[in-house]
Amino acid sequence: MKKKYVILLLVITAIFSLSTGAFAASNLTEIKAFLNAGINFRLDGKTWRPLDDHGKEVLPITYNGTTYLPLRVIANALDVPITWDGSTQTIGIRESSNLALYSKDVKVDYWSEKFYDVIDKKQLVFGNHQYDGAYAFTAENVGLGWYEGSPYLKIDFGKKYKTLHLVLYSPSSMKIRVLNGDKQQLTQEISLEADRVTELDVDLQNSQYAFVSAYDATNQAEKPLLYVLKDSYVTTESIPTSVNKSDGLQPRRHRIPANHNNVFDLLDFHLTIEDNRSVSSIQAYKRHLL
């Protein structure tokens with residue numbers, strides 16, 4: 001009986017494999033193309049080399065006078081989130097892998113003398129930029145350092161995520177730490193400069209919660225506020241492995257300004273294969289070089 005079961009399982013597996021291969025073959029067209037090592041790139045006016053997620057250089061492909069690069073390489077360079085749904089063979093661009101703190105799915109709690117859910121835009125002009133929302137809470141004054149009772153903002157994202165991109169502002173210099181739901185540190189101590197917006201990436205290590213704790217603020221008659229701007233977001237994407245993650249903290253990455261929504265007007269799309277990925281079918285940008 002056991003032998004028959006094994007044989008049946010092998011037959012089913014073989015049939016499934018053949019049907020999957022037939023589906024893939026029916027949607028692919030064989031072409032003859034060339035890896036082109038003679039093309040140089042510039043990004044924002046500076047020399048740029050296309051790299052994969054492992055920091056290995058990626059050569060463009062030239063086909064019929066057009067140059068191709070893998071979608072993920074371009075997306076990482078422009079900081080555009082992409083997703084892959086293997087069940088429908090669909091690539092998503094700027095879709096729901098990110099969850100901003102504006103979302104109703106995000107719940108917050110706090111331990112602090114004062115807390116505000118700031119929606120008055122007049123209070124949210126920092127660095128000549130208008131923000132639309134923030135959670136603000138008072139930090140502990142300098143002298144006590146960090147301790148279990150330090151003021152914090154607790155953020156519940158509703159499910160587990162890999163990376164937290166924080167956008168922070170404080171009128172005074174202070175220090176922060178980011179912890180997970182078990183109060184385990186996700187970052188080392190981070191110093192924030194006064195009157196400056198700071199953006200940083202934190203490795204959440206698949207946590208649903210984050211605690212942002214603020215302390216050692218410059219002494220003032222009234223304790224200063226730390227603004228956690230609602231432009232902060234979590235994502236299912238990992239911090240690129242080409243960047244050192246030893247302290248759980250990453251510096252700000254290049255991001256597309258908000259007024260560049262038409263960046264895709266410059267790009268067309270084509271289906272190609274990237275052999276070093278677990279999912280071989282991946283869409284690529286097609287760009288005509290001048």
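Leaving out residues up to four places away in sequence, Ser-172 touches Glu-193, Ala-194, Asp-195, Thr-218, Gln-220 and Pro-224, where contact means heavy atoms within 4.5 Å. The model is predicted, so local features need pLDDT of at least 70 and side-chain atom pairs count only at pLDDT 80 or more, while totals for chains, interfaces and linings use all residues. Residues are numbered from 1 along each chain as its sequence is written, and side-chain values use heavy atoms, with hydrogens and water left out.

Ser-172 sits in the loop between strand 14 and strand 15. Helices (H or I, at least four residues) and strands (E, at least two) are DSSP runs, numbered from the N terminus. Although Ser-172 is in a loop, this residue is buried, with a relative accessible area of 2%. Here buried means under 20% relative accessible area, exposed over 50%, and partly exposed in between (1.4 Å probe, protein chains only).

The chain as a whole has two helices and 22 strands. Of its 290 residues, 37% count as buried. The accessible surface comes to about 17,700 Å², with 52% of that belonging to carbon and sulfur atoms; areas come from the Shrake-Rupley method with a 1.4 Å probe, and for residues only the protein chains shown count as cover. Among contacts with a separation of 6 or more, 69% are between residues 24 or more positions apart.

Next comes the interior. In soluble globular proteins, nonpolar side chains tend to be buried together. A nonpolar core is here a set of buried Ala, Val, Leu, Ile, Met, Phe, Trp, Tyr and Cys residues joined through side-chain atoms within 4.5 Å. The largest such core has 29 residues, and the members that touch the most others are Phe-157, Leu-164, Leu-166, Leu-168, Leu-204, Leu-226 and Val-228. Two or more residues each come from strand 13 (134–138), strand 14 (152–170), strand 15 (174–179), strand 16 (190–192), strand 17 (196–215) and strand 18 (225–229). With seven residues, strand 14 gives the most to this core.

Just after helix 2, Asp-79 takes a positive phi of about 60 degrees.

Most residues other than glycine have a negative phi. Asn-128, between strand 11 (125–126) and strand 12 (129–130), has a positive phi of about 60 degrees although it is not a glycine. Asn-128 is exposed, at 83% relative accessible area. Lys-183 also has a positive phi of about 60 degrees without being a glycine; this residue lies in the loop between strand 15 and strand 16 and is partly exposed, at 37%.

The charged side chains remain. A salt bridge is a side-chain nitrogen of Lys or Arg within 4 Å of a carboxyl oxygen of Asp or Glu, and by this rule there are eleven. One of them joins Lys-121 and Asp-132, with the closest N and O atoms 3.4 Å apart. Lys-121 lies in the loop between strand 10 (115–118) and strand 11, and Asp-132 in the loop between strand 12 and strand 13, so the pair ties together parts that are eleven residues apart in sequence. Lys-121 is partly exposed at 44%, and Asp-132 is partly exposed at 40%.

A second salt bridge pairs Glu-189 with Arg-177 (3.9 Å, N to O). Glu-189 is in the loop between strand 15 and strand 16 and Arg-177 in strand 15, twelve residues apart. Glu-189 is partly exposed at 38%, whereas Arg-177 is buried at 16%. Arg-196 and Glu-193 form another salt bridge (3.2 Å, N to O); Arg-196 is partly exposed at 45%, and Glu-193, one of the contacts of Ser-172, is partly exposed at 47%. Salt bridges that share partners also join Lys-175, Arg-177, Glu-189 and Asp-216 into one network.
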